[in-house]
Amino acid sequence: MNLANKITLVRLFLIPVFVIIFMISGRDMNIAAIVFIIASFTDAVDGHIARSRNMITNFGKFTDPLIDKVLTMAAFLVLVEDNTIPAWPVIIIISRELIITGFRTLAADSGITIAASMWGKAKTTSQMISLVMLLLNAPSLNKAGIFVFYIAVILTVISGVDYIVKNKKVLDLENI
């Protein structure tokens with residue numbers, strides 16, 4: 001259990017803290033938004049530490065992206081609960097995440113590593129920006145946050161299709 005992995009676990013611990021604070025205070029206070037931003041920031045920190053100090057582990061490779069997905073899904077779901085965003089685009093986002101996670105697992109089982117693509121990075125960036133904008137609940141950010149949210153939904157679909165099309169050899173029935 002190295003420093004990078006401990007920081008990843010801090011992010012995991014911050015997810016229920018974020019949800020509880022949001023459910024108690026809603027978007028009226030920015031405490032939940034601050035917890036989300038801190039949790040999101042730990043992703044960059046643990047990644048930097050793992051790479052710069054050669055602390056990359058199988059535990060980190062597995063848990064880091066999984067915890068990132070749980071964090072973003074939790075944030076989207078509390079915003080649905082709060083009636084800030086509709087459920088149907090969040091269902092698209094969650095479905096894509098589950099499909100691509102399964103797809104990557106199938107690929108890894110066949111010895112194929114699927115690297116993050118430009119579309120996947122754009123998806124993640126747009127999701128995080130939209131979440132921060134919407135969680136901050138500033139009148140000047142809300143409309144822009146909704147706009148970025150729908151851009152994130154579009155990028156989510158594009159990146160999912162892109163991963164599958166570029167790596168369709170994973171679905172070759174002889175490999176399953």
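Analyst: Let us begin with helix 2, where Ala32, Ala33, Val35, Phe36, Ala39, Ser40, Thr42, Asp46, Gly47, Ile49 and Ala50 are buried. Buried means under 20% relative accessible area, with over 50% called exposed and values in between partly exposed (1.4 Å probe, protein chains only). Helices are DSSP runs of H or I with at least four residues, numbered from the N terminus. This is a predicted model, in which local features need pLDDT of at least 70 and side-chain atom pairs count only at pLDDT 80 or more, while totals for chains, interfaces and linings use all residues. Residues are numbered from 1 along each chain as its sequence is written, and side-chain values use heavy atoms, with hydrogens and water left out.

User: What covers the buried residues of helix 2?
Analyst: The cover includes helix 1, helix 3 and helix 5.

User: And which residues is Phe36 in contact with?
Analyst: Leaving aside neighbours within four places in sequence, Phe36 is in contact with Phe18, Leu71, Ala75, Met128, Leu131, Val132 and Leu135. Contact means heavy atoms within 4.5 Å.

User: How many residues does the largest nonpolar core have?
Analyst: That core has 28 residues, and Phe18, Phe36, Ile85, Leu135 and Phe149 have the most contacts inside it. A nonpolar core is a set of buried Ala, Val, Leu, Ile, Met, Phe, Trp, Tyr and Cys residues joined through side-chain atoms within 4.5 Å. Helix 3 gives the most to this core, with 9 residues. A second, separate core has 7 residues, among them Ile100, Phe103, Ile112 and Tyr163.

User: Switching to Ser130: why does it count as buried?
Analyst: Ser130 counts as buried because its relative accessibility is 0%. Ser130 lies in helix 5. Apart from neighbours within four places in sequence, Ser130 is in contact with Phe76, Gly145, Val148 and Phe149.

User: New topic, then. What volume does the largest pocket have?
Analyst: The volume is about 1,600 Å³. A pocket here is an open set of points on a 1 Å grid over the protein atoms alone, with protein on both sides within 12 Å along at least five of seven lines; lining residues have an atom within 4 Å of a point.

User: Which residues are closest to its centre?
Analyst: Of the 47 residues that line the largest pocket, Lys61, Asp64, Pro65, Asp68 and Arg104 are the closest to its centre. Helix 3 supplies the largest share of the lining, 10 residues.

Note on methods: 1 Å grid on protein atoms, 1.4 Å probe; cavity = no way out; pocket = protein on both sides within 12 Å on 5 of 7 lines; lining within 4 Å. Points joined across faces, edges and corners; volume = space filled by probe spheres on them. Helix = DSSP H or I, 4+ residues; strand = E, 2+ residues; numbered from the N terminus.
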